[in-house]
Amino acid sequence: MISTSNLSVLDLLRRRIADLSRELAERDSVLHERTRHLRVAQSLAHLGSWDWEIESGEVRCSHELYRIFGRDPGVHHMTFEVFVSALVPGDHDRVVAAINDALGGKAPYDVEYRIVRPNGEARTIHCRGEVLRDDKGKPCRMSGSVLDITERKRTEAMLRSSQEKLRQALQASGIGLWDWNTKTNDVILSEEWKRQLGYEETELSDAFETWEALLHPADHGRALAYLQDYVRDRQGEYRQEFRLRHKDGTYRWIEARASFVAETDGSQVRLLGSHTDITERKRMEEAARESEDRYRTLVELSPSGVFVFSEGRTVYVNHMGTLILGAGDPKEILDRPMLSLIHPDYRHDVRENVRRLLTGGASVHSAERTYVKMDGTSVPVQVEAARIMWNGKPAILGLISDVTDRKQAEEALRASEERFAKAFQASPHPVVISELDTGRVVDVNEAACQLLGYRKEDVQGRTTAEIGVWQSAEERTRFVNLLKQAGSVRNAEVKLRSKNGEARQFLLSSELIELHGKQCSVTVGDDITDRKRTEDELRRSHTFLRQVIDADPNFIFAKDHEGRFTMANKAVADCYGTTVENLIGQSDADFNPNWEEVEFSRQKDLQVINSSQECFIAEEKITDWSGKTRWLQTVKRPIIDAHGQTHMVLGAATDITERKQMEEMLLQREQDLSAALQERERISRDLHDGILQSLYAVGLGLVACQPLIRQQPEPIAEKLLATLDQAIGQLNQVMREVRNFIAGLESHLIQGGDFSTALRTMVHSMGAADSARYRVRIDDAAGRHISTEQAVHIMNIAREGLSNSLRHSHATRITLSLRQHIGSVCLVITDNGVGFSPSSVRSAGHGLANMAERAQKIGGSLTIRSEPHKGTRILLDLPKGTN
């Protein structure tokens with residue numbers, strides 16, 4: 001990201017470089033006029049020097065020149081022919097022409113060319129020379145120097161390539177960049193960052209407050225809190241989405257990603273991030289990404305300053321040396337001690353190197369040092385030093401080049417490579433740089449490799465056809481043709497094949513670029529396979545859900561703040577005599593003429609919205625399209641939006657109209673049962689007060705006859721008394737049965753008493769006046785599965801069975817049991833009496849038939865087993881759940 005302030009600095013550097021270039025030309029002119037001694041000394045500063053006697057053809061070269069050309073001065077002799085043979089063929093004619101132009105006086109000899117060393121290594125040379133002429137103007141001698149600029153050329157090429165890759169990749173991706181120093185709060189916003197929001201670069205200031213002011217009010221607190229938490233915790237990936245205000249007043253959705261970058265001291269205070277406009281993706285439409293251009297300006301190396309130090313003091317400095325040390329005039333530097341210009345950290349080394357040069361221990365010294373400017377600040381320099389004679393005294397010639405720009409260029413190269421690598425590799429989208437015509441992959445980021453299942457070494461250098469990424473060659477041809485015609489492609493939907501053969505869908509955006517003289521393309525992809533699958537799944541899910549809720553007989557609906565239906569199922573629409581489509585956007589008042597019902601439902605809706613609490617409505621009325629009143633049991637719940645606010649009501653209602661009718665029927669049945677019970681109570685009172693009292697009076701009359709019978713002759717009296725006793729016994733038996741019947745009518749079971757206790761009490765009361773032994777086995781748990789109505793019928797069945805045993809069986813042992821089984825409750829009555837044949841007594845009375853009818857009425861089955869002289873067994877089997 002390059003800020004406005006950085007651009008101003010770069011403009012200043014460009015002007016400075018232009019001035020330096022002009023001054024370099026002036027320096028060269030001055031240097032050509034300098035003494036032969038100074039020119040030779042300058043050539044020793046890592047430069048090879050040569051001297052060509054034109055008349056004799058003799059060439060003299062420095063050791064440095066032999067080294068540059070890769071030859072041993074003790075083995076090879078440098079001649080003009082050897083020099084020409086070392087030239088790259090493509091540069092031969094140009095170099096020879098430059099020499100001829102220099103000899104002819106047409107142009108100075110200043111040329112760059114390439115040579116090939118004997119070991120096959122190619123080097124790039126910058127050569128300058130000067131032609132010396134005799135008194136007649138005829139060339140007699142040519143001297144010059146050569147400088148090996150191979151590394152500089154290579155660095156410049158790498159920097160240009162890196163710059164081009166970064167510029168094209170960012171331009172193709174349409175991503176805005178930002179740089180926030182969390183310690184100083186300084187912010188740099190890229191041109192594309194501002195352009196995403198419709199602003200020119202100068203319309204928005206590079207400030208944290210700019211971003212904060214553009215945030216959507218609903219996103220403001222959340223976005224700031226997330227950013228502050230991330231800066232505090234520094235855990236995981238910084239990634240969030242929010243809305244920013246566009247210049248036209250609309251809001252754009254932005255996806256922000258960032259990571260901390262390490263400074264040179266290892267600290268992490270700068271958060272370097274990107275902004276991607278995902279508005280169109282949010283709307284599930286084609287995403288439009290604008291290319292972002294970032295330009296890098298290279299800082300060229302400045303010319304050298306020339307210093308001469310004699311007897312430890314400065315005796316000469318040129319104009320560029322004055323500028324390097326920040327002096328206004330060379331006089332400010334002359335006569336100053338040499339070591340005062342050196343940073344204290346390097347003074348010991350410099351003093352030792354100067355001693356070696358002056359004593360002949362070394363001929364040339366080259367090193368990077370730090371000099372001290374006039375204002376006390378430091379400046380890094382490249383120093384080339386040699387021993388010369390100055391005014392007849394040994395002196396040190398120093399060529400000093402300010403390498404600040406070179407170091408900045410190296411840092412820019414490192415930062416450019418680092419930022420390009422980070423932007424390229426950290427991009428969540430696959431990015432591929434490939435040759436346009438052949439499809440050969442030049443570079444690919446990690447996201448592309450992961451998505452397609454390849455390793456980087458598997459694809460780099462291979463064509464897309466060899467890799468098999470495209471579904472067919474024709475598809476790639478169509479894409480390439482479209483790119484050639486339009487110059488760029490945005491969001492073209494294509495299918496690509498991964499390594500495992502899986503076809504994945506992508507939106508591809510591509511830009512044309514040129515790398516190393518070849519036309520290439522930078523392609524950025526967006527994998528939409530999962531999104532497509534999700535959309536298909538959502539459509540299927542929506543269709544299925546629509547079918548489910550429409551098939552549900554219950555009412556399912558949703559309403560907004562105004563009470564309008566936003567969703568409803570077919571049951572609601574059918575109730576109002578319309579369709580689901582016509583119901584959406586309408587309210588209950590548009591279909592229900594009953595204002596009270598509509599207002600009741602509306603108030604419940606507002607209660608849920610205002611309280612954000614669920615509301616249960618046990619009963620509410622609604623008038624349907626036919627005018628009928630329907631009863632509903634409804635649950636209403638709040639629907640919460642992404643900001644925690646209730647914006648709709650979700651309702652589910654069950655039609656309980658039939659249940660209400662059943663409840664009314666049950667109420668009527670209870671009333672009828674209560675009336676029947678009252679009638680039974682009346683009958684029991686009548687039986688007690690009428691029939692029982694009459695029977696008692698008859699019994700008294702019969703007892704009163706006994707004295708009269710005793711007055712008769714003894715045989716007759718005994719016979720009559722026996723008959724009378726039998727009649728009295730039968731009358732007592734009838735009275736007991738009436739009492740038992742009355743007891744059944746007045747049983748506390750009718751008032752909801754405990755059935756097991758009532759049954760046990762009835763058995764003991766019936767057997768109290770009989771000599772037979774009674775055994776009662778009642779499981780109290782079984783009684784809990786019997787309703788009141790069933791209990792009354794079971795009591796009557798048991799009474800009838802026990803009564804038959806007491807009157808007819810002559811049994812000495814009678815057993816009654818009530819047991820609970822897995823699926824039923826069983827009542828069993830057994831005796832060891834005389835028994836009978838069931839078929840012979842079916843028409844004798846109604847007792848057995850009544851028992852069977854009662855069993856059938858309560859959903860049970862009655863089984864009677866008996867044989868003469870083998871006793872009787874009565875079994876009532878009542879399934880559970882029939883009450």
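These are my notebook entries on what I looked up in this predicted model.

**Ground rules.** I number residues from 1 along each chain as its sequence is written, and my side-chain values use heavy atoms, with hydrogens and water left out. Since the model is predicted, local features need pLDDT of at least 70 and side-chain atom pairs count only at pLDDT 80 or more, while totals for chains, interfaces and linings use all residues.

**The whole protein.** I found 27 helices and 30 strands; helices (H or I, at least four residues) and strands (E, at least two) are DSSP runs, numbered from the N terminus. Of the 883 residues, 43% count as buried, where buried means under 20% relative accessible area, exposed over 50%, and partly exposed in between, with a 1.4 Å probe and protein chains only.

**A sheet with β16 to β20.** I looked here next and saw an open sheet of five strands, ordered β17-β16-β20-β19-β18 with antiparallel pairing. Two strands pair if DSSP finds at least two bridges between them. Which strands stand at the edges? They are β17 (441–444) and β18 (488–497); each has a single partner strand, so one side of each is left without a neighbour in the sheet. From one strand to the next, the twist averages 30°. Axes here are lines fitted to C-alpha atoms, for helices over the stretch in contact, and angles run from 0 to 180 degrees between N-to-C directions.

I also followed β19 (residues 503–515), which is joined to β20 (residues 518–527) by ten bridges. F506 has D527 in β20 as its bridge partner. Helix α17 (residues 473–486) packs on the sheet and touches β16 (431–435), β18, β19 and β20, its direction making about 170° with that of β18. Contact means heavy atoms within 4.5 Å. Helix α18 (residues 529–551) packs on the sheet too, touching β18, β19 and β20 at about 145° to the direction of β19.

**Cavities.** I counted nine cavities of 30 Å³ or more. A cavity is a set of points, on a 1 Å grid over the protein atoms alone, where a 1.4 Å probe fits but cannot get out; lining residues have an atom within 4 Å of a point.

**Strand β11.** Is this strand buried or exposed? Seven of the seven residues of β11 (304–310) are buried. S304, V306, V308 and S310 point one way, and G305, F307 and F309 the other.

β11 has antiparallel partners: seven bridges join it to β15 (residues 393–402), with G305 opposite I400, and four link it to β12 (residues 313–317), with F309 opposite T314. β11 and β12 form a hairpin with two residues between them, and E311 in the turn has a positive phi of about 55°.

**Another five-stranded sheet.** My last stop was an open antiparallel sheet in the order β7-β6-β10-β9-β8. Its edge strands are β7 (187–189) and β8 (238–245), each pairing on one side only. Helix α9 (residues 217–233) packs on this sheet, touching β6, β8, β9 (251–261) and β10.

Key. 1 Å grid on protein atoms, 1.4 Å probe; cavity = no way out; pocket = protein on both sides within 12 Å on 5 of 7 lines; lining within 4 Å. Points joined across faces, edges and corners; volume = space filled by probe spheres on them.
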